[in-house]
Amino acid sequence: MKCHSIEVLAKAQALLRQGLALGLQDLAQGRTELAAAASQFAQLGHAPGQALACAAQVLFMGVADDDYRGFEAAIAVLSAHGAAPPAEPDAEPDDEPTAEPADDLLVQAGMLVAASFNALDAPGLAQRAAALEQSLADTRLPAPLRCCAGLAALGYQHIGMQLEKVLWLELALRPLLSDAAVSASLADEAAHLLIQSLYQCEAPAQAQALRQRHFAPTRTLLPVMALKLALLDAQMALGAGRSDAGRAALTQAQAWLDPRAPRPAGWWHLLHSRLDLLDGRHRQALTHARLALRLASQSQLPERWMGVTVMQEGQVLMASKQCQEALPFFERAGRAASGQQARFCWCLAHLARALHAADDDAKTCHAELAAGLSIARELAWLNFFRACPPVAARVCALALEAGIDVTFVQEVIQARQLQAVRADLGAWPWPIRVRTLGSLRIELQGQPLVFKGKVAKKPLELLLFVVASSGVDVSITTACFALWPELEGDKARAAFTAALHRLRKLLGSDDALTLEHGRLSLNPRTVWVDCLAFEQLAASVGVPAAGALTPPLHSAAQRACALYSGAFMHDAQDAAWQLSYRNRLASTFKRMVRLISAAARARGDSANARAWLERGLEQDPLAEDLARELMRECLEAGDQAAALRVFEQLQTAMTQHLGAPLAPATLALHAQIRAATPR
């Protein structure tokens, strides 16, 4: 029996060494041998051998991220091994394999992966990772093993988004990636994981540089690595919002998908779901998200590591404004994960609750916003809802309105160049603000633009003409005709080109105005204009029937009026296009004032109705129709003296500015007021 045990032990050790040799050359190989060795060591009750075989399985699977069959069983063995006291040596020395530094390093690397899997916030993980990092320079140990140990440490730092550590490991692993003892397959896996880690740690430029340095376009890659790189290219492109590049990478990757490898196929569907989200195809995005989850389960990816995949369906539902339906996916991922990874999930859960409560429960909305953004700030996570920029923009808008984490939220907006969900958000950090209501004022990065020397007249006229033409798709021909009527043909076009160049230079941005197919537009991500924001809000109100000004429309009308601080360029020399636009804005403002005043009157709030009419007359003292409404309000309130004062002020303004008589309707109302006034 003793001889039989020795034979089984020898066979198990041979399988172990064979599996290690294969795995250290190609991480996808040797797993059958390692699993068989672990089983035989277990039958013998040989804990050190079983732990070594399981550590190798865990390490190779965790780094390769391809097939997780047997992963959690191996994790359980390692966890028990780490918790158990050291085994007592047998009387027969041949029963124990000789302890080697290389074996010890391999066990430590596997233990780090296992411990990270069990609980990211478990004590001692950082020390384990540091010990592995120190081993990278120990030339007494095999280079492939040191490379794998470094990748185990990299995985831990990657999950924790420790950019400094990831950058250090990238430098420390460089000699190993070029070591002749490290196979091309292992070096490629290492480079791939380094690129992935740099990208996840918010260093896309460094990730792209390493991608170009290690994987030259002329290299011929194995299909497995070609697929991984195409998926990584798609991930980085979609993360930057470049749909076309992401689509091209996914199309390239599709040719290498293998139904026998569900893990990369699941990742492909996950990324395709993100692409569909960016393109606004929510139904297709949901289909791909569900396929991604199904394939991840098929690959036996542990639930604990499926957070990104689980939450993708939630992200799609958020984009479809189904916040309550999305919440369970974030909560499921949060319950399964641990440590910092769980915090990412709970951050999204809080923000989903906030958006769900936004319309009906301001108190809950603000509390959940504060909780979610606090986690995001602590994690330095600017890219929450990365695949759903409009959802992230809604979160930021709500936070700015409520004054929650304003500095952090503005940093998020600027870093991601989010587009405002509403034009009147005063705290939104537009790089360029143009105010035209009243007089022209321009702010660059929050600072007033101070003109030095002679003011560049034509560039500013071009800016105002584009604004007065709705800011979008302004024909060059139309602009040349309006601004350079004395010039013809090529001369007018040359004057336009020069003015546009000077305007972009004045604003400090070539992106402030875009020129495509002969049409000029303001960039809404870069430039905010008060009168355009005013018109947008007024257009959202429309012309509701009397008494039909709902609370959301009432709020929009009030916000529009708050933006109207004076007539469009009232102190400028009047060109025909300026006068036309000024009158249009003034008419729109009066419409908003009358709607709000009528709503106040309908609910019996005469004082508020009068206050809004008075505000309207402050902005436009010649608005005879507003004056008549205010006179009627005063008369109905029994305040004939106030009504007469309104008439006198109107008469004075009309005489001074227009030299025109009052309308018969105004005079008739005045006579009615005088008749009702006690003598």
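Trainee: In this predicted model, how far apart are N and O where the side chains of Arg-601 and Glu-629 meet in a salt bridge?

Mentor: A salt bridge requires a side-chain nitrogen of Lys or Arg within 4 Å of a carboxyl oxygen of Asp or Glu. The side chains of Arg-601 and Glu-629 meet in such a bridge, and the N to O distance is 3.7 Å.

Trainee: How many residues apart in sequence are the parts that Arg-601 and Glu-629 tie together?

Mentor: Arg-601 belongs to helix H26, residues 576-602. Glu-629 belongs to helix H28, residues 624-636. The pair therefore ties together parts of the sequence whose separation is 28 residues.

Trainee: Is Glu-629 buried or exposed?

Mentor: The cut-off for a buried residue is a relative accessible area under 20%. Arg-601 has 34% and is partly exposed. Glu-629 has a relative accessibility of 12%, so this residue counts as buried.

Trainee: Which residues are linked with Arg-601 and Glu-629 in a network of salt bridges?

Mentor: Side chains of opposite charge can pair when their charged atoms come close. The network contains Arg-601 and Glu-629.

Trainee: Which helices hold Arg-343 and Glu-378?

Mentor: Arg-343 forms a salt bridge with Glu-378, with the closest N and O atoms 2.4 Å apart. This pair links distant parts of the chain, 35 residues apart. Arg-343 is in helix H17 (residues 339-357), and Glu-378 is in helix H18 (residues 362-378).

Trainee: What is the relative accessible area of Glu-378?

Mentor: A residue counts as exposed when its relative accessible area is over 50%, and as buried when that area is under 20%. Arg-343, at 32%, is therefore partly exposed. Glu-378 is exposed, because its relative accessible area is 53%.

Trainee: Is Arg-140 buried or exposed?

Mentor: The side chain of Arg-140 meets that of Asp-138 in a salt bridge, at 2.9 Å from N to O. The relative accessibility of Arg-140 is 74%, so Arg-140 counts as exposed.

Trainee: How many salt bridges does the structure hold?

Mentor: The pairs discussed above include Asp-138 with Arg-140 and Arg-343 with Glu-378. The total for the structure is 33.

Trainee: Which residue in S6 is the bridge partner of Ser-475?

Mentor: S4 pairs with strand S6 (residues 519-522) in the antiparallel sense, over two bridges. In S6, the bridge partner of Ser-475 is Arg-519.

Trainee: What is the radius of gyration of the protein?

Mentor: The protein has 30 helices and seven strands. For 679 residues the globule rule gives 26 Å, and the radius of gyration is well over that, so the protein is more spread out than a compact globule. The C-alpha atoms fill a box of roughly 130 × 60 × 40 Å along the principal axes. The radius of gyration is 35 Å.

How values were computed
Residues numbered from 1 in each chain as written. Predicted model: local features only at pLDDT ≥ 70, side-chain atom pairs only at ≥ 80, totals over all residues. Heavy atoms only, no water. Pairing = 2+ DSSP bridges. Helix = DSSP H or I, 4+ residues; strand = E, 2+ residues; numbered from the N terminus. Buried < 20%, exposed > 50% of the residue type's maximum accessible area, 1.4 Å probe, protein only. Rg over C-alpha atoms; globule rule 2.2 N^0.38 Å.
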